[in-house]
Amino acid sequence: HIQKILDEFQHIRGKLGVVEELALKRFFDEHIHPVTNFSYACKYFLEQPRGYPGDSEAMEIIWKTRTHKLPFRSGSNIVGKCINDFTLSSSNCKSNELRVYRLKKYILGLNNKSIASIGSGSIIEIEEALKENPCLNLEIHLFDQDEEAYKASKNKLKDTKLNVFYHQGNVLKKVLGLKNLTFDFIYSSGLFDYLTLTSSKKLIKRLWNHLNPGGKLLITNAH
């Protein structure tokens, strides 16, 4: 029933002009937002403490809830718990979980190879691959501008046998500034949601030029 209401709401919203859209946003901020804040996950997603949605902590919340390390019904009251459950059971959150499994499978098949993660974030897929094969031998290059994600990645990989290189800063500039590095697998899971079409084309072209013969380039987004 909730999904049906949301679908109807989205259909109506698509017919609104700019003025009506702004009025609807004000209504949401005043009346709906306080209710969604009862949900632990939604409160974090909407507040965007690092300045953008989908940061590494948001991905951790989705992954840990979907894999039952955190409770689905997590909130300050029964309404918040139900909203939390509904949100994290959504197809979008499910796709984030399935994306980890797909990337982990690719990574496990690349022993003794070189990998680049563009907008590396929480590196859950690397962490999960290492749980399955702690002896995995890889050269991994992590590109991310989020300092908190950078610190978390270093902490997760500090005791592994991986040869890890960290490229912290503006991802577009870091990639465009690459010289002779080439990789067997380059992937980006979510970064392109934040890029313009022009920047996306430029980045994809540059990444393609950094693939080894027979290498793979994989780009995904939130949907």
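Biologist: How do the residues of the lining of the largest cavity divide into nonpolar, polar and charged?

Modeller: The general idea is that rolling a probe the size of a water molecule over the atoms shows where empty space is left. In this model, which is predicted, the lining of the largest cavity divides into 5 nonpolar, 4 polar and 1 charged residues. Among the lining residues are S120, L142, F143, D144 and H167, and the space in this cavity comes to about 40 Å³.

Biologist: Which elements each supply at least two residues of that lining?

Modeller: They are β2 (138-144), α8 (147-157) and β3 (163-168). Helix α8 also lies across β2 and β3, running at about 170° to β3.

Biologist: What is the order of the strands in the open sheet?

Modeller: In general, strands of a sheet pair through backbone hydrogen bonds, either parallel or antiparallel. Here the open sheet has 5 strands in the order β3-β2-β1-β4-β5, and the pairing is parallel. Because β3 and β5 (211-220) stand at the edges with a single partner strand each, one side of each is left without a neighbour in the sheet. Neighbouring strands of this sheet are turned by 15° against each other on average, with direction ignored.

Biologist: Over how many bridges do β4 and β5 pair?

Modeller: Strand β4 (residues 183-189) pairs with β5 in the parallel sense over 6 bridges, and F183 stands opposite L211 in β5. Helix α6 (residues 91-108) lies across β1 (113-118), β2, β4 and β5, and runs at about 170° to β4.

Biologist: How many aromatic pairs does a search of the whole structure find?

Modeller: A pair of aromatic rings is described by the distance of the centres and the angle of the planes. The search finds 5 aromatic pairs, and one of them, formed by Y52 and Y194, is edge-to-face, with 5.6 Å centre to centre and 85° between the planes. Y52 lies in the loop between α3 (40-47) and α4 (56-66), whereas Y194 lies in the loop between β4 and α10 (197-208), so the pair ties together parts that are 142 residues apart in sequence.

Conventions: Residues numbered from 1 in each chain as written. Predicted model: local features only at pLDDT ≥ 70, side-chain atom pairs only at ≥ 80, totals over all residues. Heavy atoms only, no water. 1 Å grid on protein atoms, 1.4 Å probe; cavity = no way out; pocket = protein on both sides within 12 Å on 5 of 7 lines; lining within 4 Å. Points joined across faces, edges and corners; volume = space filled by probe spheres on them. Helix = DSSP H or I, 4+ residues; strand = E, 2+ residues; numbered from the N terminus. Nonpolar A, V, L, I, M, F, W, Y, C, P; charged D, E, K, R; others polar. Pairing = 2+ DSSP bridges. Axes fitted to C-alpha atoms, helices over the stretch in contact; angles between N-to-C directions. Contact = heavy atoms within 4.5 Å. Phe/Tyr/Trp six-rings, centres within 6.5 Å; stacked < 30°, edge-to-face > 60°.
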